[in-house]
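Please walk through this fold with the coordinates open.

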Amino acid sequence: MTKKSNSREMIVDAASRLFFTQGYHATGLNQIIKESDCPKGSLYYYFPEGKEELASECIEHTRVVVLEKLDHCFADASNAVEAIQAFIQSVGEEAVESQFEGFMPFSFWAAVETSCISMKLRTDSQAVFKDWQDLIALNLQKEGMLEVKSVEVASMVLSLLEGALILTLTNRNEQPLMSASKYVAYLIN
């Protein structure tokens, strides 16, 4: 891997970490440059349109990471309920390991915070939720659930997950996520 692609990845990693820790509005480009340990020119070279373009890339990065984790859970589990439970439990474990720091629900910083200021970021966030929902719905359909119901259930699973994550972080306790993991079976069945 070249130095330039390393710099780009370092910028995206630093920006993602900062956006997820303190939000979009509270994160400045100078802070991203400092945290990434990259020259200022690198940020503008890779993201000439600035903060919004960088945030869009962070949203895409999050989309891919979560899809890969979800896909892995579906591949390893014997059914959709077990896969979703494993995914939710892994999110809880990550929250505990991070001591609830640097960990923010996607809906907070990307979907809610940025959607009112940028149509591009709103569209990006909508696509993320749709892709996550589609993956869950597809796996529910593989088990015989009707398409319309699978889409509704997948939407509820994501809502349950995001809400439980907000409570987990607010309380600094993984119990809301563990409860969501337990009760997702009732939602699906």
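Gln 99 sits in the loop between H5 and helix H6 (106-115). This is a predicted model. The phi of Gln 99 is positive, about 55°, although the residue is not a glycine. Is Gln 99 buried or exposed? Its relative accessibility is 56%. The cut-off for exposed is over 50%, so Gln 99 counts as exposed.

Asp 37 is another non-glycine residue with a positive phi, here about 60°. Asp 37 belongs to the loop between H2 and H3. Its relative accessible area is 66%, so Asp 37 is exposed.

An unreviewed UniProt entry annotates residues 28-47 as "DNA-binding region". In the model, this span is 75% helix and 0% strand. Its end C-alpha atoms lie 14 Å apart.

Now go back to H5, the helix that Gln 99 follows. Helix H5 covers residues 80-97, which makes 18 residues. How far apart should its ends be? At 1.5 Å a residue, H5 should span 26 Å. At the start of the helix, Asn 79 makes a side-chain contact with the backbone. A side-chain oxygen of Asn 79 comes within 3.1 Å of the backbone nitrogen of Val 81.

Which residues of H5 are buried? They are Ala 80, Val 81, Ala 83, Ile 84, Gln 85, Phe 87, Ile 88, Val 91, Gly 92 and Ala 95. The cover over these buried residues includes helix H4 (51-76), helix H7 (119-142), helix H8 (147-171) and helix H9 (175-188).

Take Ile 136 as a way into the packing. Leaving aside neighbours within four places in sequence, Ile 136 is in contact with Leu 70, Phe 74, Ile 84, Ala 154, Val 157 and Leu 158.

Ser 150 lies in helix H8. Its relative accessibility is 0%; buried means under 20%, so Ser 150 counts as buried. Not counting residues up to four places away in sequence, Ser 150 touches Ala 137, Leu 140, Gln 141 and Met 145.

Finally, step back to the protein. Its secondary structure comes to nine helices and zero strands. From the N terminus on, the elements run α-α-α-α-α-α-α-α-α. Buried residues make up 47% of the 189 residues. Among contacts between residues at least 6 apart in sequence, 67% join residues at least 24 apart. The C-alpha trace spans about 55 × 35 × 35 Å along its principal axes. How does the radius of gyration fit a compact globule, and what is its value? A compact globule of 189 residues would have a radius of gyration near 16 Å. The protein has 17 Å, which agrees.

Technical notes. Residues are numbered from 1 along each chain as its sequence is written. This is a predicted model: local features need pLDDT of at least 70, side-chain atom pairs count only at pLDDT 80 or more; totals for chains, interfaces and linings use all residues. Side-chain values use heavy atoms; hydrogens and water are left out. Helices (H or I, at least four residues) and strands (E, at least two) are DSSP runs, numbered from the N terminus. The expected span of a helix is 1.5 Å times one less than its number of residues. Buried means under 20% relative accessible area, exposed over 50%, partly exposed in between (1.4 Å probe, protein chains only). Contact means heavy atoms within 4.5 Å. A polar contact is a pair of N or O atoms within 3.5 Å; within protein, one must be able to donate a hydrogen and the other to accept it, and residues adjacent in sequence count only if both atoms are side-chain atoms. UniProt positions are given in the numbering used here, feature names are shortened, and annotations may be inferred rather than shown by experiment. The radius of gyration is taken over C-alpha atoms; the globule rule is 2.2 Å times the number of residues to the power 0.38.
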